[in-house]
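Please find below a note on the model under review. It is set out as numbered points for discussion.

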Amino acid sequence: MRGRVVLGVSGGIAAFRAVEVLRGLVRAGCRVHTILTENATRFVGPRTFAVLSTDGAEASLWSDPTNPGVDHVALGRGSDLLLVVPATANVLAKMASGVADDALTTYALAHRGRLVVAPAMNTAMWRHAATQRALATLRERGATVVEPVSGFLAEGETGLGKLAAVDDIVGAALAALPPRGALAGVRVLVSAGPTREPIDAVRVITNRSSGRMGVALAVAARDLGAEVRLLAGPAVPAPPGIAIDRFETAADLGRLLGVHGADADVVWHAAAVADFRPAAVAEGKLDRRQGPLQLTLEPVPDLAAAMPRAQGRPYLAIFAAERAADLEARAAAKMAAKGADAVVANPIDEPGLGMEEARNRAVVLTRLGIRREFAAQGKEALARELLLALAGEVVAARRR
Ligand SMILES: Cc1cc2nc3c(=O)[nH]c(=O)nc-3n(C[C@H](O)[C@H](O)[C@H](O)COP(=O)(O)O)c2cc1C
């Protein structure tokens, strides 16, 4: 994946050319989500963009009544580049002054990545002081302006204001994307969250895992250029733009690891899998009037150890939550017992860290002998550091 782009299309006569720009971006390996202004839809059909965009298209903040209208904020976190083609005089002025009165300009305010605009308009609008002031403001904020060229304009006259060539716009967009990440092209499979083992039709045995560490790994891997799939347990939030499969029980997760593990270069097995499950699931709902209840629990087969791997692939990184006192010894034993390539050891008995918490500290050990300590920090930052620390071993293992 080359990068994540939000393509903004505003209401100028050149809006149809945005379709070619979209094709160019997708051909170059970008993920693209398109946002059209309402006026853009008077020039081109949103359906064309919806079909050709890898991540769909929208033309209104309000089109989906089940969408509370905050998705642009999540989208803003995940995309590398906002590219506006064509950028009308109106949209440039609104973006420069912070007006957010439609889906595109609202997104523009939430966007954190780079901005590239390709204006197109008649010569008078282009030369107007208001337009030039808006462009100067956007440039001051770091935007790239792909300048319009001279040519035959829609009004039937020749002058400055014609949209730049499609190849120039695509080239400027690709140049603005962050360099390919440390995990470019690496296929990463992450498991996250708790399992739920049924006792009867309504009751379960589960654990306190929030899935936050696994989600942080998936998001950080995506941002480092990896192709990511997340296997997520109950109630684990789905991060935007990441392929996700849901599991409930350890057996479900085992099946998913079997199916997707074969396609992965690395598996980060961060799910908190049950060690025990009820030996039999009671039919219907157990009734307390039947008196005391004794559950027989059976051990759950070790999923990491059972994961199908040929010649040590995929690279397998597991987690070990242990008492701080003998953290490393127990983690090293766990790595050996499961045939894992790396283990992330974290303490279960230090306040404010670990399960259900936003922060963690870790010691990473690998089979090849790396030992690295990571100080207590937010799980998002820790995830990125863990991925980078093991990137070398993971990339080397791909070549085996
Ligand atoms: C036929 C036609 C062509 C237009 N072409 C342009 C154009 O190329 N550039 C521009 O800035 N405005 C153009 N406009 C004016 C915009 O559509 C108008 O300013 C609109 O409010 C822009 O809305 P938006 O920026 O929300 O998409 C055109 C209008 C019409 C009716």
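The points below run from the overall architecture to individual elements and residues.

1. Basis of the note. The structure is a predicted model, in which local features need pLDDT of at least 70 and side-chain atom pairs count only at pLDDT 80 or more, while totals for chains, interfaces and linings use all residues. Residues are numbered from 1 along each chain as its sequence is written.

2. Overall architecture. The chain holds 13 helices and 20 strands; these are DSSP runs numbered from the N terminus (helices H or I with at least four residues, strands E with at least two). Its C-alpha atoms fill a box of roughly 85 × 55 × 40 Å along the principal axes. Of its 400 residues, 43% count as buried. A residue is termed buried if 20 or more other C-beta atoms lie within 10 Å of its own, exposed if 12 or fewer, and partly exposed in between, with C-beta atoms placed from the backbone.

3. Domains. The domain assignment gives domain 1 (3-176) and domain 2 (187-278 + 291-398), the bounds coming from an automatic or database assignment. The centres of domain 1 and domain 2, taken over C-alpha atoms, are separated by 40 Å.

4. Ligand shell. The ligand is surrounded by 16 residues, of which Gly11, Gly12, Thr37, Asn39 and Thr88 are the closest; a residue is near the ligand if its C-beta atom, placed from the backbone, lies within 6 Å of it. By class, 9 of the shell residues are nonpolar, 7 are polar and none is charged. Here Ala, Val, Leu, Ile, Met, Phe, Trp, Tyr, Cys and Pro count as nonpolar, Asp, Glu, Lys and Arg as charged, and the others, Gly among them, as polar.

5. Helix α4 (residues 89-97). This helix supplies the largest share of the ligand shell, 3 residues. Its buried residues are Ala89, Val91, Leu92, Lys94, Met95 and Ala96, and they pack against β4, α5 (103-110), β5 (114-119), α6 (123-127) and α7 (129-140). Contact is taken as two C-beta atoms, placed from the backbone, within 7 Å. Gly98, which follows α4, has a positive phi near 85°.

6. The peptide bond from Val85 to Pro86 is cis, with omega near -15°. Pro86 is placed in strand β4 (residues 81-87).

7. Helix α12 (residues 327-338). Which residues of α12 are buried? They are Leu327, Ala331, Lys334 and Met335. They lie on the same side of α12, because they cover an arc of only 100° around the axis, the arc being that of the directions from the helix axis to the C-beta atoms. They pack against β17 (315-322), β18 (342-347) and β19 (359-366). The face turned away from this buried side carries exposed Ala329, Ala336 and Ala337. Gly339 follows α12 with a positive phi near 65°.

8. Arg367. This residue lies in the loop between β19 and β20 (371-378). Arg367 counts as partly exposed, with 17 C-beta neighbours inside 10 Å. Neighbours within four places in sequence aside, Arg367 is in contact with Met335 and Asp341.

9. Ala235. Although not a glycine, Ala235 has a positive phi of about 70°. Most residues other than glycine have a negative phi. Ala235 is found in the loop between β12 (227-232) and β13 (243-246), and it is exposed, with 12 other C-beta atoms within 10 Å.
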